[in-house]
Amino acid sequence: MSNEIVEASQPKQSFSLAPKDFEQALKFSEMMSKSNLVPKEFVGNAGNIMVAVQWGMELGLQPMQAMQNIAVINGRPSLWGDSVMALARSSSLCEYIIEEDDGKVATCRAKRKGQDAEIVATFSMEDATKAGLAGKQGPWTQYPKRMRQMRARAFCLRDAFPDVLRGMPIAEELQDIETGEVKPQPQTSARPVIEKSIYSDEEFIEKSEKWAQIVESGRKTPDELIIFIESKNAVLTDEQKGIIQTWAKAE
């Protein structure tokens with residue numbers, strides 16, 4: 001009976017996937033890029049995973065949280081709205097955050113500890129119309145209240161807690177800008193799908209001499225070079241990665 005009490009009082013063992021150095025981060029990113037349980041924009045893209053994990057560490061997010069809450073839109077890492085709220089509210093600098101919506105105008109109020117004035121931001125359907133968002137297919141047609149809330153929240157929390165958010169842009173804003181600059185297309189999901197191009201043999205041959213010089217000069221290892229190349233929204237084939245790995249042996 002006493003053994004059972006001792007066992008019950010002991011904390012359950014757990015492990016962390018958080019990388020402790022560059023090599024671990026590299027292995028983690030490569031492993032996650034081959035999983036079908038990560039967001040689609042990270043599948044086959046170890047470079048973007050590594051960037052997201054690094055940003056997550058600076059924001060206080062664990063690697064798996066970072067991949068679920070940081071989206072890469074047009075090559076820029078950004079935070080989803082709910083993670084923005086979570087980071088702000090968990091900060092010791094936050095006194096309160098209040099959100100309201102009267103059916104036409106969304107309001108977000110936030111106050112930092114030690115400051116007398118609160119930060120207030122609003123976003124109305126009139127604002128949405130001026131920005132060309134109202135009536136668009138997708139979230140702005142299906143969930144206008146939620147989208148007003150996200151915009152007011154983004155404006156308010158970025159002004160109130162820029163240090164907590166490390167200046168990260170908000171995904172919903174970038175997504176709206178993206179749809180406004182590119183030919184409008186129906187949106188079926190709030191989460192963007194970033195399609196990755198693959199380096200053709202011709203492109204690889206054209207750039208391989210310059211890349212090989214980077215490795216041979218010691219500026220980057222083959223693994224570091226692969227991550228750098230794939231962070232530019234293009235994917236190398238396994239054969240191309242194998243060629244890059246041979247450059248280090250040629251020294």
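A residue counts as exposed when its relative accessible area is over 50%, and as buried when that value is under 20%. Keep those cut-offs in mind for a walk through this model, which is a predicted one. Arg-219 comes out at 60% relative accessibility, so it falls in the exposed class. You'll find Arg-219 in the loop that links helix H10 (201-216) to helix H11 (222-230).

Now zoom out for a moment. The protein chain holds twelve helices and seven strands. It has 251 residues, and 41% of them count as buried. Take the contacts in the chain with a separation of 6 or more: residues 24 or more positions apart account for 55% of those.

Is Arg-112 buried or exposed? Its relative accessibility is 15%, which is under the 20% cut-off, so Arg-112 counts as buried. Arg-112 sits in strand S4, which covers residues 105-112. Leaving out neighbours within four places in sequence, the contacts of Arg-112 take in Ala-160, Phe-161, Pro-162 and Asp-163, along with Leu-93 and Glu-95.

Arg-166 belongs to the loop between H8 and helix H9 (171-181). With a relative accessible area of 45%, Arg-166 lands in the partly exposed class. If you like checking backbone torsions, look at its phi: the angle is near 55°, a positive value in a residue other than glycine.

On to the helix packing. Two packed helices are described by the angle between their axes and the distance between the axes. Start with helix H2 (residues 22-33) and helix H3 (residues 46-59), which pack at about 125° with their axes 8 Å apart. That angle makes H2 and H3 oblique to each other, and the crossing is right-handed. Who does the touching on each side? H2 brings Phe-22, Ala-25, Leu-26, Phe-28, Ser-29, Glu-30, Met-32 and Ser-33, while H3 answers with Ala-46, Ile-49, Met-50 and Val-53. Sorted by class, the contact of H2 with H3 contains nine nonpolar, two polar and one charged residues.

The second pair is helix H5 (residues 81-90) with helix H8 (residues 144-160), whose axes come within 10 Å and cross at roughly 40°. Given that angle, H5 is oblique to H8. What is the hand of the crossing of H5 and H8? It is left-handed. On the H5 side the contact is made by Gly-81, Asp-82, Val-84, Met-85 and Ala-88, and on the H8 side by Arg-146, Met-150, Arg-153 and Leu-157. The residues of this contact between H5 and H8 split into five nonpolar, one polar and three charged.

Notes:
Residues are numbered from 1 along each chain as its sequence is written. This is a predicted model: local features need pLDDT of at least 70, side-chain atom pairs count only at pLDDT 80 or more; totals for chains, interfaces and linings use all residues. Side-chain values use heavy atoms; hydrogens and water are left out. Axes are lines fitted to C-alpha atoms, for helices over the stretch in contact, and angles run from 0 to 180 degrees between N-to-C directions. Helices (H or I, at least four residues) and strands (E, at least two) are DSSP runs, numbered from the N terminus. Angles under 35 degrees count as roughly parallel, over 145 as roughly antiparallel, 65 to 115 as roughly perpendicular and the rest as oblique. A crossing is left-handed if the near helix is turned anticlockwise from the far one by less than a right angle, and right-handed if clockwise. Contact means heavy atoms within 4.5 Å. Ala, Val, Leu, Ile, Met, Phe, Trp, Tyr, Cys and Pro count as nonpolar, Asp, Glu, Lys and Arg as charged, and the others, Gly among them, as polar. Buried means under 20% relative accessible area, exposed over 50%, partly exposed in between (1.4 Å probe, protein chains only).
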